Amino acid sequence: MSSESRTQHAPDHVADQDATRLPADVHPDALTRENDGAVETVNPNRHLATAGGGLLLAGVALAAANMRPAVTSLASVLGEVRDSLGASSTWASVVTSVPTLCFGVAGIGAPLLARRMGINKVIALSLAVLTAAMLVRTVGGPWTVLSGTVLVCAAIAMCNVLIPVVVKESFPTKVGMATALYTTAMAAGGSLGSALTPYLNSSTGSWRLALATWAVVALAALCVWVPATARRSSARQVTASAGPRRSLMRSPLAWVITGYFALQSLVAYVVMGWLPEVFKGAGMDGTTAGMLLGLLLLVGVPINMILPPLVTKTRSQSAWAIGLAALNIIGMLGLLLAPMSMPVVWAVAIGIGMSAFPLALVLISLRTANAADTSSLSAMSQSIGYLIASFGPFLFGVLHDVTGAWSASMVVLLVVVAVQSVFGVIAGRPRTV
């Protein structure tokens, strides 16, 4: 059941609501347990926050920097890859749908695997798989590329779900700073993947070498992550979701937030997967189209840093949802009606509008009253949301196949953004699940 909440809390302070009942000399994230009749204070973050924090922060940043280049690098040369392999547009549609489908499945599977193996080991294994899969998908035909992309996206999905948990547990007093670094590195990685891959393709004369280059970044993340977490393997790790949790499946607000997360993800992955092809369909060369996608994603770097603090200072977030959707609509209308008149303006407008992603993450924290509900809502919105979003890139490409143009696909995307804004207005009202 939803309840009105008069006081809004920044994401950094969600857990503080339960901490106020602890003694003054006990860490806010500490837990208590009975030990031979006595109450023992257990601080799961004490070791995590002090051992190798700087190196771990670098590992978090490098891991985050790998969460988008594998997707945007392929998108920026997708036409060349498809033509070189003799693949169809339907194949390309499936390839662009893989990321969100994997993210949805990982939203269910990642926590289960982490409980069996440990978060640090799962992330290390994911980075190793990512490195290998980015090389594997460059050495074969259409099915090898598709299979490699599935492995790539599955590995990214594991990191996507688990690294925010590492941030919250390992940097309990610097969650805002670590989260800003995490989201900024993710946006910057996506931008570089799109902007540099066409140049690498031109300079090497091979899309295979251009895509394989990004395996170096994944390997670097692995080389930093393993030593950064080696001293933490014996630490007692208790996630923010520890303790009793309730299902939010019957909460209308939880479903609204899930819908908002799903639709903004759908728009984002359609744009990252197909925007260069839309521009090339309007007569633009591939290098410039890839650069425009890079610019669009680069806009998200400063937005990811400044938007969350601003959003948390307002009682309602509905106006933010409307404003971001309006910018998205402006950019997409320009892309539909006059793509070559002001392509930079359209790309920047869409880039700002896609900042609905950090807004969605903030809403998950603001619309919950305690850490357990935050964890439940995050798992629900990401797993269901990404599964819904996975249909977007596929249908966007299929519509182009059927009609022979991008107009119908763009009109449908505009409708999606309009519906997204309605969900955002409802989700932005100040209350909790």
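Biologist: Leaving aside its neighbours within four places in sequence, which residues is Thr149 in contact with?

Modeller: Thr149 is in contact with Leu74, Val95, Val98 and Arg137. Contact means heavy atoms within 4.5 Å. Before you go on, this is a predicted model: local features need pLDDT of at least 70, side-chain atom pairs count only at pLDDT 80 or more, and totals for chains, interfaces and linings use all residues. Residues are numbered from 1 along each chain as its sequence is written, and side-chain values use heavy atoms, with hydrogens and water left out.

Biologist: OK, and where is Thr149, and is it buried or exposed?

Modeller: Thr149 is in helix α8 (residues 142-170). Helices are DSSP runs of H or I with at least four residues, strands are E runs with at least two, and both are numbered from the N terminus. Thr149 counts as buried because its relative accessibility is 2%. Buried means under 20% relative accessible area, exposed means over 50%, and partly exposed is in between (1.4 Å probe, protein chains only).

Biologist: Zooming out, how many helices and strands are there in the protein?

Modeller: The protein has 19 helices and 4 strands. Of its 433 residues, 55% are buried.

Biologist: And what does the accessible surface come to?

Modeller: About 17500 Å², and 67% of that belongs to carbon and sulfur atoms. Those areas come from the Shrake-Rupley method with a 1.4 Å probe; for residues, only the protein chains shown count as cover.

Biologist: How many residues has the largest nonpolar core?

Modeller: It has 120 residues. A nonpolar core is a set of buried Ala, Val, Leu, Ile, Met, Phe, Trp, Tyr and Cys residues joined through side-chain atoms within 4.5 Å. Helix α12 (residues 252-281) gives the most to this core, with 18 residues. The core also draws at least three residues from each of domain 1 (51-231) and domain 2 (250-432). Those bounds come from an automatic or database domain assignment.

Biologist: Which residues have the most contacts inside that core?

Modeller: Trp91, Ile123, Leu127, Ile163, Val271, Leu296 and Met332. Take Ile123: leaving aside neighbours within four places in sequence, Ile123 is in contact with Cys159, Leu162, Ile163, Val166 and Trp225. In soluble globular proteins, nonpolar side chains tend to be buried together.

Biologist: What about Val122, where is that one?

Modeller: Val122 is in helix α7 (residues 119-136), and is buried with a relative accessible area of 1%. Not counting residues up to four places away in sequence, Val122 touches Leu113, Ala114, Met117, Met158 and Leu162.

Biologist: Back to α12. At roughly what angle do the axes of α5 and α12 cross?

Modeller: Helix α5 (residues 78-85) and α12 have axes that cross at roughly 85 degrees and come within 9 Å. The axes are lines fitted to C-alpha atoms, for helices over the stretch in contact, and angles run from 0 to 180 degrees between N-to-C directions. So α5 and α12 are roughly perpendicular to each other. Angles of 65 to 115 degrees count as roughly perpendicular, under 35 as roughly parallel, over 145 as roughly antiparallel and the rest as oblique.

Biologist: Which residues make the contact?

Modeller: From α5, Leu78, Gly79, Glu80 and Arg82; from α12, Gly273, Trp274, Glu277 and Lys280.

Biologist: New topic: how many residues of helix α16 are buried?

Modeller: 10 of the 11 residues of α16 (residues 356-366) are buried, so that helix is largely enclosed by the rest of the structure. Phe357, Pro358 and Ile364 are among them.

Biologist: And Ser355, where is that found?

Modeller: Ser355 is in the loop between α15 (343-353) and α16. Ser355 is buried too, with a relative accessible area of 2%. Leaving aside neighbours within four places in sequence, Ser355 is in contact with Ile303, Leu307 and Leu324.

Biologist: Last one: how far apart are Ala427 and Arg367 in space?

Modeller: They're 8.0 Å apart, C-alpha to C-alpha, and 60 residues apart in sequence. Ala427 is in helix α19 (residues 407-427), and is buried with a relative accessible area of 0%.
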